[in-house]
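Let me put the structure up and then walk you through a few spots.

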Amino acid sequence: MPATHRAAARRLVIPRYLRQSVTLAIETRGLTKYYGDVRALDGLDLEIASGEVYGLLGPNGAGKTTLIRILSTLMHPTSGEAMLDGLDVREHSEKVRLKLGLAMQEAALDLNQTGVELLQLQGRLYGLRKREIEQRVEELARLVDIGDSLGRRIFTYSLGMRRRLDLAAAIIHNPQILFLDEPTTGLDPASRHRVWDEILRLNQVNGMTILLTTQYLEEAEHLAGQVGIINGGTMIAEGPPAELRRYFGGDVVVAKVDVDQFPVSRLGTVEGVQSVEVVDGSLVFLVDDGLRALGPITVALAEQGLPAEAVTLRQPTLEEVFLRLTEKQPSQPPGEPGNGG
Amino acid sequence: MAGDGAPGLRIEARETGFTRDLMTISWRSIRAIPKERQSLIPAIVIPVFWLAVNVGALEEVAGRLFPELDYRGFQLPVAVLFAVTGVSRASALVTDLRGGYFDRLTVSPVSRLSLLLGLMAADWLLATSLTIPVLALGWLLGVEFATGLAGMAVFVFIAGLWGIAFTGFLYAIALRTANPSAVASGLLLFFPFAFVTTSFMPRDALTDWMSTAAGFNPVTYLLAALRSLVLDGWDPNTIAIGLAAVLGVGAISLSLALMALRGRLDPA
């Protein structure tokens, strides 16, 4: 089967409500990128509505950073189209740059400048006037929340301070579209929540469209209205987090039992059970329909002499969905362009 | 609140223009110079050392061979070339490339050409500034400009121009490799320029092969132009040839740097 057909057959997308009526801030069609023989993106199709926070999930090497670099005009695709606010990023790169902001995976700062100097320089590069720069530096100083340290040279900053300054530099010109490449990687929980709050505020108050890549499922669930899961350079699932959980995960039944030495494979044949494993001393069943499966599971446990202390029914976490999907869709090994990703 | 701005006054990006971009990038580079004072020490010490050593070692010999020659004035342009050659923000560019800050600059709507020329403008300013201590030492040693203050200004201008003509090679290496060792090695390019020429003696005193090789070296004509300003008085023909030699080297190095910049900004 040709690569494109295989990719299309694998891709499972939850339709977005009122898709016809939304204005697209970001759109890619058949976006493909090769590094030599290695395919980083494989015909990626993506649509992100204006004013949306979109979380892009994927394992290392899935193509997330490559996508961000193409969309932010830092790199050209091998083939396919990428558009920001209706403008082709390659043909209209200068206009596109006025609309976007980018915070990269590692804070991209000039460590010899002070925080203020860096922000002032950014403001000048984006054509802001002196008074506008002063106003924005004052506003962003509160976001950066590093007090008088903004006047210190950046090499004295902690990692968290650098990441927050990097975010401030990315938004000094109030971009319409903001790309955040793993914005909280390496941050402590307090710093991470502060960045989360700012991302939500930028979206809710300023209407900024935000595409963020992350490896933290919790982050995507907290911030994003839409989530895409990318693997091997192709989109394998997309939709609101809750629907992804429901659609791809089925239900989860957790039975607290004494499972030491018990061969759990004997429970895998119970009707409606997709898989079973031991997690933290409990049996975790992935089932098609939780309500229907509860009875057979309880009976099967009793028959095996494993009376359950408690049986609970819940939806799968996004992490469970992610693992399930990415395990089913292994990344394409390097140097095999015809494998269909 | 961040990003709101005053009511009815939304702050957003707008196109800037080449001149403003050039000034912005230059200003950033110039402001960085005092923060890297340690890098200026060799640029000041080495030319002073060369002038002192060459004059001390060769002045008597040269005086016997060329009794009319003011050897201190003859050596001053060589010392100045050592001061201005290799003055470059290429190492800082490598740091930007490796640290991701160059990406931040290129994501902005800044003019691509200004990313390079802004650095070179700062180099020119620094290179011309570095001629001052060498000229001051020359003055202390009794060197006088036959063309006066105006000639000294032309001397400094041409020397600074050579500085940025040579630095184009270093930017080409920096943009192509993003490797600090490669940039440092790039200074070795100066050795054939500096020594296969009339650095120590007039061309008449060189062996045949050395004189022939020096004839192909643009620095020979650059030194001739600079020396004419110090020793002989106004000689438009020699100055024009020296200037043309510098511009020729500059055209080659700048073309290489621009090709490297294009390769960096437009990766296939």
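So, strand 12 of chain A pairs with strand 15, residues 310–314 of chain A, through 5 bridges, and the two run antiparallel. Keep in mind that this is a predicted model. One pair to look for: A:Ala255 has A:Val311 as its bridge partner in strand 15 of chain A.

Strand 12 of chain A is also joined to strand 14, residues 282–287 of chain A, again antiparallel, this time by 6 bridges. There, A:Val252 sits opposite A:Leu286 of strand 14 of chain A.

Now, which residues of strand 12 are on the covered face, and which on the uncovered one? Covered are A:Asp251, A:Val253 and A:Ala255; uncovered are A:Val252, A:Val254 and A:Lys256. In a regular strand, side chains alternate between the two faces of the sheet.

Over to chain B. Helix 3, residues 71–84, and helix 7, residues 148–177, both of chain B, have axes that come within 9 Å and cross at roughly 40 degrees. That angle makes helix 3 of chain B oblique to helix 7 of chain B, and the crossing is right-handed. Helix 3 of chain B puts in B:Val80, B:Leu81 and B:Val84, while helix 7 of chain B brings B:Ala159, B:Gly160, B:Trp162 and B:Gly163. By class, that contact has 5 nonpolar, 2 polar and no charged residues.

Last stop, the interface: 30 residues of chain B are in contact with 35 residues of chain A. On the chain B side, helix 5 of chain B gives the largest share, 5 residues. That side has 11 nonpolar, 8 polar and 11 charged residues.

Definitions and conventions: Residues numbered from 1 in each chain as written. Chains lettered and ligands numbered in written order. Predicted model: local features only at pLDDT ≥ 70, side-chain atom pairs only at ≥ 80, totals over all residues. Contact = placed C-beta atoms within 7 Å. Helix = DSSP H or I, 4+ residues; strand = E, 2+ residues; numbered from the N terminus. Nonpolar A, V, L, I, M, F, W, Y, C, P; charged D, E, K, R; others polar. Buried ≥ 20, exposed ≤ 12 C-beta atoms within 10 Å, placed from the backbone. Pairing = 2+ DSSP bridges. Axes fitted to C-alpha atoms, helices over the stretch in contact; angles between N-to-C directions. Parallel < 35°, antiparallel > 145°, perpendicular 65-115°, else oblique. Left-handed = near helix turned anticlockwise from the far one by under 90°.
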